[in-house]
Amino acid sequence: MSSLRAFHRYVGIDYSGAQTPISSLKGLRVYMTDEVTPPFEVEPPQSPRKYWTRRGIARWLEEMFFEDRPTLVGIDHGFSFPLQYFRKHQLPFDWTAFLEDFHRHWPTDEDNIYVDFVRQGSCGNAAARSGSPRWRRLTEVRAGAAKSVFHFDVQGSVAKSTHAGLPWLLRLRREVGSRIHFWPFDGWRIPPGRSVLAEVYPTLWNRGFSREGRDAHQHAAFSTSAWMRHADDLGSLSGFFDPNLEEDERKTAEIEGWILGVA
């Protein structure tokens, strides 16, 4: 590994909130690269299902994070909600407490639960933990075109994938613990040798890489893994992990989260 590199592996995940956690989804794609191997698609374990499931990805990540190889993983859904949500529901400014509270109201990791089942009130308690599509996190505003985590049912929406993915972040936090640095909630600076899980927005990088026959989901995951490795090759990742923020903006981002690559 180059002396400049902070990580051994780089994993890009294009996420999907469609159907259930055990549904095989074409929109769930995983690409990985390392210091010598170009980005390649990681196929799900051998089974009758052709594509990954959300549960399958979570289990795969658990196993990978227990390996002694510092790995940077980027997932394209929101990791937290805007400050307005915390204030409306009188929640503490604590990310783990937020995940636990969300999971109690949105049990979207249960086998046969669609996000829309919770939205429509047939299970969970979405009415007690909802937000406005007008609310945007600071990082979404800074990114430009990034949509609100509450903006459902529109092209390019991350709302459904976010509401489907948050319970799996809680599971990883519980199961893998300090082996993962959840950025930036565990701090802006990454301890040497630690694996990192970060929110990404592949639109920032998609156009920088040739499609080469990949569909949109594949290319999003490919571009994420390729960009992260390239940034580490250049020694510039530390700068992206420490974006240029005023003190009040930084405090906000420590609650709302931040998109890796947004300056």
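Trainee: How many bridges join β4 to β6, and do they run parallel or antiparallel?
Mentor: In this predicted model, strand β4 (residues 71-75) and strand β6 (residues 195-199) run parallel and are joined by 4 bridges. Within that pairing, leucine 72 stands opposite valine 196 in β6.

Trainee: Which helix packs on the sheet and touches β4?
Mentor: Helix α1, residues 54-65, packs there, touching β1, β2, β4, β5 and β6. The direction of α1 makes about 160° with that of β4.

Trainee: And what does α6 touch on the sheet?
Mentor: α6 packs on the sheet with β5 and β6 as the strands touched. The direction of α6 makes about 140° with that of β5.

Trainee: What's the strand order in the sheet?
Mentor: The order is β3-β2-β1-β4-β6-β5, 6 strands in an open sheet with mixed pairing. β3 and β5 are the edge strands, as each pairs on one side only.

Trainee: In which sense does β2 pair with β1?
Mentor: Strand β1 (residues 9-14) pairs with β2 in the antiparallel sense, over 6 bridges. Tyrosine 10 is the residue opposite threonine 33 in β2.

Trainee: And how many bridges are there between β2 and β3?
Mentor: There are 2 bridges between β2 and strand β3 (residues 40-41), again in the antiparallel sense. Methionine 32 has phenylalanine 40 in β3 as its bridge partner.

Trainee: Changing topic: which residues of α3 are buried?
Mentor: In helix α3 (residues 95-105) they are Trp95, Phe98, Leu99, Asp101, Phe102 and His105. Seen down the axis of α3, these buried residues fall within an arc of 170°, so they line one face of the helix.

Trainee: What covers them?
Mentor: The cover over the buried residues of α3 includes α2 (83-88), α4 (115-119), α6 (159-176) and β5 (180-182).

Trainee: What does aspartate 94 reach at the start of α3?
Mentor: A side-chain oxygen of aspartate 94 comes to within 3.3 Å of the backbone nitrogen of threonine 96.

Trainee: Where is histidine 89?
Mentor: Histidine 89 is in the loop between α2 and α3.

Trainee: Buried or exposed?
Mentor: Histidine 89 is buried, because its relative accessible area is 12%, and the cut-off for buried is under 20%.

Trainee: What is histidine 89 in contact with, leaving aside neighbours within four places in sequence?
Mentor: Histidine 89 is then in contact with Ala128, Arg129 and Ser130. A polar atom of the histidine 89 side chain lies 3.3 Å from the backbone oxygen of alanine 128.

Trainee: Last one, serine 238. Where is it, and is it buried or exposed?
Mentor: Serine 238 is in helix α8, residues 237-240. Serine 238 counts as exposed because its relative accessibility is 52%, and the cut-off for exposed is over 50%.

Trainee: What separates the C-alpha atoms of serine 238 and alanine 58?
Mentor: The separation of those C-alpha atoms is 26 Å, and serine 238 and alanine 58 are 180 residues apart along the chain.

Key:
Residues numbered from 1 in each chain as written. Predicted model: local features only at pLDDT ≥ 70, side-chain atom pairs only at ≥ 80, totals over all residues. Heavy atoms only, no water. Buried < 20%, exposed > 50% of the residue type's maximum accessible area, 1.4 Å probe, protein only. Pairing = 2+ DSSP bridges. Arc of directions from axis to C-beta. Contact = heavy atoms within 4.5 Å. Polar contact = N/O pair within 3.5 Å; in protein donor to acceptor, adjacent residues only side chain to side chain. Axes fitted to C-alpha atoms, helices over the stretch in contact; angles between N-to-C directions.
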